[in-house]
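I opened my notebook on this one to look up a few spots. Here is what I wrote down, entry by entry.

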Amino acid sequence: MLTERLEKELKEVYAKGLRRTVDGLRFKTAVRAEDGSGMEYLVFASNNYLGLTHEPEVMQAARDAVCWGTGSTGSRLTTGAAFATGELERELAEFKHAEKALVFNTGYMTNLGVLYALVKPGDVVFSDELNHASIIDGCRIARAKVVVYRHNDMQHLEELLKTTPVTGVRFIVTDGVFSMDGDIANLPQLVELKEKYNACLIVDDAHAAGVIGSDGSGTAAYYNLQGKVDVQIGTLSKALAAEGGYVAANSVIIEYLINKARPFIFSTAMPDMVTAAALAALRLLKAQPQKYLGRLKENTLLMRRLLKEEGLDVIDGVTPIVPVLIGSTRQTMQVMAALMDEGIMVSGIRPPTVPEGTSRLRVTVTAAHTAEEIEFAAHIMGKIWRQLNENVKEG
């Protein structure tokens, strides 16, 4: 009975062109990868924003740490964790201008753990409608009332803060940089509203840390509002070239999470080679922010300009997440497949990740791309888009 039900649902998924597959891929450099057949791709689909996954110092840090073993074999509260984890947390706290930080196994589990632990019955979570799925799921398992405000609409948020009955704590939760549109949260007004309504402000900086801010530390630094965000969520698996997530906050919040956040308490600690790689990447960014951020900014501006010149519908922004609107799910996947045939990898984003009618190519730029690679990819994207439009007209 279960199999029949699942087969029926899968047929509906396939009929809508929404089938997802899992493919193998091996990165040869920060921006070039090959699949199982040996086909090589120029990758504009990763979140490796600073290109640090293949930086020699980061790779060497992982090699050196593997001498301590390939796994930690238990949770940090039962068997502890490698020394690099504690160093990483201290440096993350400094980086995020917070008192303390705590590392989780994934960014997804960080959001679940933080929201599940901090939010209680009687509290109300005010959540941006375009927040990441991990925030949405964290709100669900917290079992508190969730009120969704229109994307980056501060007037709507204030109306809801003013009119929603709350017996406990108000939480405002938002992405710093939104993962599908690449735009940035209106942090100045969010800070004003959190102070006006005595709320706790949680910002998920997964796509902001290592991307924006003069020192690369994220949304608060971008607006010169360091110290104004109560809880900052982050990830080690994007700009910091490793795996895992973290939360930065005051010492009371971090102490509470150590004792109450179930995804932290009951997860095996990450192995030393992972935290050592993240620590090495963080130290490179802290030592030379303009080197990495400068390259990233130049490459982002170039890609955005060239795609527009090719006639593509690019959502405006300043981040290296460059959404190219296609609209139709089928056409989006056709363009993605045609680009793969040309050796260029981008992400085709479809419902339910984005609303119906807004399917898109999610093009991500890194500091490791060369100008020639960006020019080549933009030209091919423009050529394929024009060919598709001509075929539609002829059909």
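First, my cut-offs: buried means under 20% relative accessible area, exposed over 50%, and partly exposed in between (1.4 Å probe, protein chains only). The model is predicted, so local features need pLDDT of at least 70 and side-chain atom pairs count only at pLDDT 80 or more, while totals for chains, interfaces and linings use all residues. Residues are numbered from 1 along each chain as its sequence is written, and side-chain values use heavy atoms, with hydrogens and water left out.

**Entry: backbone angles**

I looked up N198, which lies in the loop between α7 (187–196) and β8. Helices (H or I, at least four residues) and strands (E, at least two) are DSSP runs, numbered from the N terminus. N198 counts as exposed because its relative accessibility is 66%. Its phi is near 50°, a positive value in a residue other than glycine. I noted this since most residues other than glycine have a negative phi, and most peptide bonds are trans.

A241 also has a positive phi, near 65°. I found A241 in the loop between β9 (231–235) and β10 (245–249). Is A241 buried or exposed? A241 counts as buried because its relative accessibility is 14%.

Then I checked the peptide bond from P351 to P352, which is cis with omega near 5°. P352 sits in the loop between β13 (347–349) and β14 (359–364).

**Entry: helix α5**

Which residues of α5 (residues 133–142) are buried? I listed S134, I135, G138, C139 and A142. They are on the same side of α5 because they cover an arc of only 140° around the axis; the arc is that of the directions from the helix axis to the C-beta atoms. An α-helix has 3.6 residues a turn, so residues three or four places apart point the same way. The cover over the buried residues of α5 includes α4 (107–118), β5 (124–128), β6 (145–149), β7 and β8 (200–204). Contact here means heavy atoms within 4.5 Å. After α5 comes R143, with a positive phi near 60°.

**Entry: D205**

D205 is in the loop between β8 and α8 (219–222). D205 counts as buried because its relative accessible area is 1%. What does the side chain of D205 make a polar contact with? The partner is the side chain of K96, at 2.8 Å. A polar contact is a pair of N or O atoms within 3.5 Å; within protein, one must be able to donate a hydrogen and the other to accept it, and residues adjacent in sequence count only if both atoms are side-chain atoms. Leaving aside residues up to four places away in sequence, D205 touches K96, G176, S217, G218, T219, Q232 and I233.

I looked up T85 in helix α3 (residues 83–95). T85 is buried, with a relative accessible area of 3%. Not counting residues up to four places away in sequence, T85 touches R76, V103 and T275.

T167 is in the loop between α6 (154–163) and β7 (170–175). T167 counts as exposed because its relative accessible area is 78%. Its side chain reaches the backbone oxygen of G122 at 3.4 Å. I also noted that the C-alpha atoms of T167 and V124 are separated by 8.4 Å, with the two residues 43 apart along the chain.
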